[in-house]
Amino acid sequence: MRSAEQHEVGTCPVAHTDYRLDRPAFETYALLNAERELAPAVWNDSTEHGFLMVSRYDDVTRLLREHDTLVNDCVNAFDPNMTIPLLPNSLNPPAHNKLRRVLNPFFSPAAVKRLESLAHERAESLVAELAPRKQIDLGADFAMIYPTELFLALLGLPVEDGQMFLPWVEGIFGGFFASTPEELAAAESAVQNIMGYFSDAVAEREKNLLDPETDLVSRLLEATIDGEHLTKDEINTICLTLMTAGLDTTRSSLGYMFHHLASRPDERKRLVADPELWPKFIEESVRLYSLIIMDGRQVTADVDVMGCPMKKGDMVWLGLAQANRDPRKFPDPDAFDMERDNLNHHLGFGAGVHRCIGMHLARAELVIALETWHRMIPDYRLAEGAELTERGGQLRLQSLPLEWD
Amino acid sequence: MSARLVVDFNRCTGHGRCYTVSPDLLDEDEEGFVTVRHQPLALSDDRLAEAEDAAAACPEGAVRIDRNLLNHVEAP
């Protein structure tokens, strides 16, 4: 049943695009762009409940800061009843800020520097292994295992456990944007497995606490908020959240970045010749190829949002990917231009109090992976005849076959 | 011309862009939020360009340049 038949939409037009669906690569951006230009706010009735889509840069940044009426109890616009817990994401100020203060020191630029030598070592080792194969799938063979190992290192857990994690992460992402009961069941079982793993790891660490200044799990065990320790469930949930936030995103970013570079040999040669350009390359890629296409927010009361009469519990879609391609903010927005003067004003990492805690880590991981790869394998191409699809919900290229001589 | 660099610490969410482009004026605290190196942040003319870079780099609009010293308010 179409939700618009039940929901008042005020002055807003209604769209039916289901953004949970897989599509040919880059088609999602075209659909998102068109709906941004249709109106400042559009009711979307493709899901059971429906949601209000806000997509222009100024509106998105403004509403990201309205955390009194637009809250994080649910952050998935597709489903106001999503049950997968996320911490600190699901909290609102002031509780959110208190937990962020516990976590922030482990994600500051200074803390990220401590991981850089390991990132170099892992990137070099993985690329050296791949180089003789001359034909790989970037996602499956490189882009997933690399951030997984670094995530485990960040938590002080064995890097060798990386392979075990991969199917669990896949399972969870099937569930975030589930359209079938099977996907939801697979996601719930993946969550159980991961929570079991973290629960054992946290219990082990409790017996042998490390320095809470440098060891994240020890810090979580030791920290108090308003005089109370975090519960074990909360600690496991924080670990799960950091994992789901950090692994698939890094993999997906690398996918779009390598696609861009594989298709544009001249740009690639310029970067190979001048590796100092990688940070700018990454910044513009994060804008142009936004993976997290929306931040979902839940309405706390019956209010008008951008001309739409919203009911308590309704979802608002804050269109990060659409804002990042809004011509009102970024001239010639669909073009890749590392020399933009507002290069880092993109919302690829969100904005406001919930902005991505891992963005300094993400940038460092991406620079190191790209710089290392291109030093060792400067020339490569898309495999001939490759048909590329992208996952709906939270974008990524489902496969990216690369080959070289 | 005289001017001051004004930082709205409530707006800062720790993007870290300002102190990356303007390391002589701004620094990071242990959580990655901005701190100021010198108080008050009066800008000599040779520092103005660096301060403008910092203001332009902030995605949250937390860093700005105040050129109206008549409304002079002490930095926190």
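Strands here are DSSP E runs of at least two residues, helices are H or I runs of at least four, and both are numbered from the N terminus. Strand 15 covers residues 401–403 and pairs antiparallel with strand 6 of chain A over three bridges. Pairing needs at least two DSSP bridges between two strands. The sheet is open, with three strands in the order 6-15-13. Its edges are strand 6 (135–137) and strand 13 (381–382), each pairing on one side only.

A word on the source. This is a predicted model: local features need pLDDT of at least 70, side-chain atom pairs 80 or more, while totals for chains, interfaces and linings use all residues. Residues are numbered from 1 along each chain as written, chains are lettered from A and ligands numbered from 1 in written order, and side-chain values use heavy atoms, without hydrogens and water.

Now the pockets. A pocket is an open set of points on a 1 Å grid over the protein atoms alone, where a 1.4 Å probe fits, with protein on both sides within 12 Å along at least five of seven lines; lining residues have an atom within 4 Å of a point. The largest is lined by 29 residues, and among those nearest its centre are Arg363(A) and Arg17(B). Helix 14 of chain A gives the most, five residues.

Which residues lie closest to the centre of the second largest pocket? Asn97(A), Val353(A), Asn10(B), Cys12(B) and Phe33(B), out of 20 lining residues.
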